[in-house]
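Hi,

Here is the model we talked about handing over. Please have a look, and my notes follow below it.

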Amino acid sequence: MSEHHSGFVAIIGRPNVGKSTFMNRILGEKIAIMSPKAQTTRNKINGIYTTPDAQIVFVDTPGIHKPKNELDDYMDKAALSTLNQVDAILFMVAADEQKGAGDAYIMRQLAEVKKPVYLILNKIDLVKPDDLLPLIESYQHDYDFAQVFPISATMGNNVDDLLTSLTAALPVGPQYYPEDQLTDHPEYFVVGELIREKVLELTRDEVPHATAVQVERMKDREGGKLQIEAYIIVERDSQKGIIIGRGGQMMKQIGIRARRDIENLLGDKVNLKLWVRVQKNWRDNNAYLKSLGYNT
Ligand code: GDP
Ligand code: K
Ligand code: MG
């Protein structure tokens, strides 16, 4: 039998290139949240992929982009500090988009990092094979990648090849986590992210990026169900009105959808109680970000 390999792998890339979709595909469960809207993933979530030969701990970083406020600044710092602690980095781009300013920015950051970087061209199901080579060359012009993998996170193309290569590239090492563990994040945080995902799905315009979720309580069985209480935090009264909706209909929908996913995640019946709280400028308040679980 071959030696056991293990290590940490960061996934970076602009928002919406498919990082969370890739994680969810290989973990087979809803851990990192997905959304067509940008900036869905605010904190790093580790997904743990375990086979008899290897254990790969994936870090789903927030997208790196130019800082605009305290939250954005935190996300950039989190992403960069992560990159210096991992064994390999997957730089994911979308095959159906040209190289953009955001990609150039990330590759400039990568120049500082002395770890093997793999170029992952995701969404190849959306492009003609002939269009791939010039795109790959344009990225290789800017950075010396260890390897290049064209994949489709939704269809699965080449994902197994990527995992095999990645496994071989990681150092020989022990299994760090039990084989049935999929994430090392506290369940509170993941539950909060599932609720926030429903807000993103069901609302539009200024609401999504002004939203955070704080899970207050997650215990105590009543009537055979786990009791979960959480606050949806927004910046303005008008946003509170949108989240509650006419006759409370929006809140009801958010609650129904979130409860379904939380029950799947925890494998348990759940009674979910949601409230909305207005907290002005929460995104600029460091202490407040900390209380929500973002390690500023
Ligand atoms: P992230 O911001 O990088 O984590 O991106 P997400 O995983 O949230 O994906 C953004 C959007 O791209 C979602 O609508 C996904 O369904 C879609 N997407 C992700 N991977 C693929 C792929 O391989 N092919 C296609 N066609 N769509 C994809
Ligand atoms: K996204
Ligand atoms: Mg994501």
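Helices (H or I, at least four residues) and strands (E, at least two) are DSSP runs, numbered from the N terminus. Between S5 and S6 (residues 147-150) there are four bridges, and the two run parallel; strands count as paired if DSSP finds at least two bridges between them. To get from S5 to S6 the chain passes through helix H4 (residues 132-142), in a right-handed β-α-β crossover. Right-handed here means that, with the strands pointing away from the viewer, the path from the first strand over the helix to the second runs clockwise.

This is a predicted model, in which local features need pLDDT of at least 70 and side-chain atom pairs count only at pLDDT 80 or more, while totals for chains, interfaces and linings use all residues. Residues are numbered from 1 along each chain as its sequence is written, and chains are lettered from A and ligands numbered from 1 in the order in which they are written.

S5 (residues 117-122) also runs parallel to S4 (residues 88-94), joined by six bridges, with Asn122 of S5 as the partner of Ala94. S4, helix H3 (residues 101-110) and S5 form a right-handed β-α-β unit.

Six of the six residues in S5 are buried (20 or more other C-beta atoms within 10 Å of a residue's own, placed from the backbone). Val117, Leu119 and Leu121 point one way, and Tyr118, Ile120 and Asn122 the other.

Best wishes

Key: Buried ≥ 20, exposed ≤ 12 C-beta atoms within 10 Å, placed from the backbone.
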